[in-house]
Structure formats: C-alpha cells, structure tokens
Amino acid sequence: MNIRPLADRVLIEPTAAEETTMAGIIIPDSAKEKPLKGKVLAVGNGTKDEEMILKEGDTVLYGKYAGTEIEFEGTKYLMMRQGDVLAVIG
C-alpha cells in the first residue's frame, strides 16, 4: 500500500455494497446503501493526545457519513479519523 495516513487517521477499504433487486428492478449505484463496515488497510502513528488503538487488518464499523472518500489506482477507499470509527468487529 502506497498510502500512509498521518496522525490519528486510518485508511479503510469499505465492504462491497449489497446489491438487491426487486422483481427485476435494477437499483442504481446512487440509491444503494453506503456500506458501514470495512477493513483497516493502514493507520497513522496517533497523536500525543490520542494513542492509535486500531491496527491493520481490523474489521470496523463506522458512521454513515464518516470519512472522506478517495480513489487510488482505480479502487475507492475511505480516510477517516480514528474517532469516527464506532467499533471493531471480532
């Protein structure tokens, strides 16, 4: 991974949005539910006030509007502060 978050930021790869169709109706990308779960790919070092407790490989839950969506080499990621992560799964 060529992206290294700074301070208390984490790089997350969102899980794929679930694709549901009803009676042959195709739901456009803009209407799909935004995933709220993802895998931590990279973490910053933390700050003097906040220790980094997340680590690479953690599966996390985050808020619906948390983070900033970025695209790198054709893949979409989320960059957010550790405080925007709601929980670690597992």
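Residues are numbered from 1 along each chain as its sequence is written, and side-chain values rest on heavy atoms, with hydrogens and water left out. Because the model is predicted, local features need pLDDT of at least 70 and side-chain atom pairs count only at pLDDT 80 or more, whereas totals for chains, interfaces and linings use all residues.

The chain has 0 helices and 6 strands, where helices (H or I, at least four residues) and strands (E, at least two) are DSSP runs numbered from the N terminus. Read from the N terminus on, the elements therefore follow the order β-β-β-β-β-β. Of the 90 residues of the chain, 29% count as buried; buried means under 20% relative accessible area, exposed over 50%, and partly exposed in between, with a 1.4 Å probe and protein chains only. Contact is taken as heavy atoms within 4.5 Å, and among contacts between residues at least 6 apart in sequence, 64% join residues at least 24 apart.

The interior can be described through its nonpolar cores, each a set of buried Ala, Val, Leu, Ile, Met, Phe, Trp, Tyr and Cys residues joined through side-chain atoms within 4.5 Å. The largest has 11 residues, namely Val10, Ile12, Val40, Met52, Leu54, Val60, Tyr62, Ala66, Leu78, Met80 and Val85. Strand E1 (9-14), strand E3 and strand E5 (75-81) are the elements that give two or more residues to this core. A second, separate core of 6 residues includes Ile3, Leu41, Ala42 and Met79. Val10, a member of the largest core, touches Pro5, Ala42, Val43, Met52, Leu54, Leu78, Met79, Met80 and Val85, not counting residues up to four places away in sequence.

Leu61, Leu86 and Ile89 make a nonpolar surface patch of about 270 Å². Patches are made of residues with over 30% relative accessible area and no salt bridge, like charges being joined within 9 Å and nonpolar side chains (Val, Leu, Ile, Met, Phe, Trp, Tyr) within 5 Å. Leu61 is found in strand E3 and counts as partly exposed, at 32% relative accessibility.

Side chains of opposite charge can pair when their charged atoms come close. The structure holds 3 salt bridges, a salt bridge being a side-chain nitrogen of Lys or Arg within 4 Å of a carboxyl oxygen of Asp or Glu. One of them joins the side chains of Asp8 and Arg81 at 2.6 Å, N to O. This pair links distant parts of the chain, with Asp8 in the segment before E1 and Arg81 in strand E5, 73 residues apart. Asp8 is buried, with a relative accessible area of 7%, whereas Arg81 counts as partly exposed at 39%. Lys76 forms another salt bridge with Glu69, the closest N and O atoms being 4.0 Å apart, and Glu69 counts as exposed at 53% relative accessibility.

The loop between E2 and E3 holds Asp58, whose side chain meets that of Lys55 in a salt bridge at 3.2 Å, N to O. Asp58 is buried, with a relative accessible area of 9%, while Lys55 is exposed at 53%. The backbone nitrogen of Lys55 also lies 3.0 Å from a polar atom of the Asp58 side chain. Leaving aside its neighbours within four places in sequence, Asp58 is in contact with Gly38, Lys39, Val40 and Val88. Glu56 is found in the loop between strand E2 (37-43) and strand E3 (59-62) and is exposed, with a relative accessible area of 56%. The C-alpha atoms of Glu56 and Leu41, 15 residues apart along the chain, are separated by 5.2 Å.

In the loop between E5 and strand E6 (85-89) lies Gln82, which is buried with a relative accessible area of 6%. Its side chain reaches the backbone oxygen of Glu51 at 3.0 Å, and a polar atom of the Gln82 side chain lies 2.8 Å from the backbone nitrogen of Ile53. Apart from neighbours within four places in sequence, Gln82 is in contact with Asp8, Glu50, Glu51, Met52, Ile53 and Leu54.

Technical notes. Accessible areas come from the Shrake-Rupley method with a 1.4 Å probe; for residues, only the protein chains shown count as cover. A polar contact is a pair of N or O atoms within 3.5 Å; within protein, one must be able to donate a hydrogen and the other to accept it, and residues adjacent in sequence count only if both atoms are side-chain atoms.
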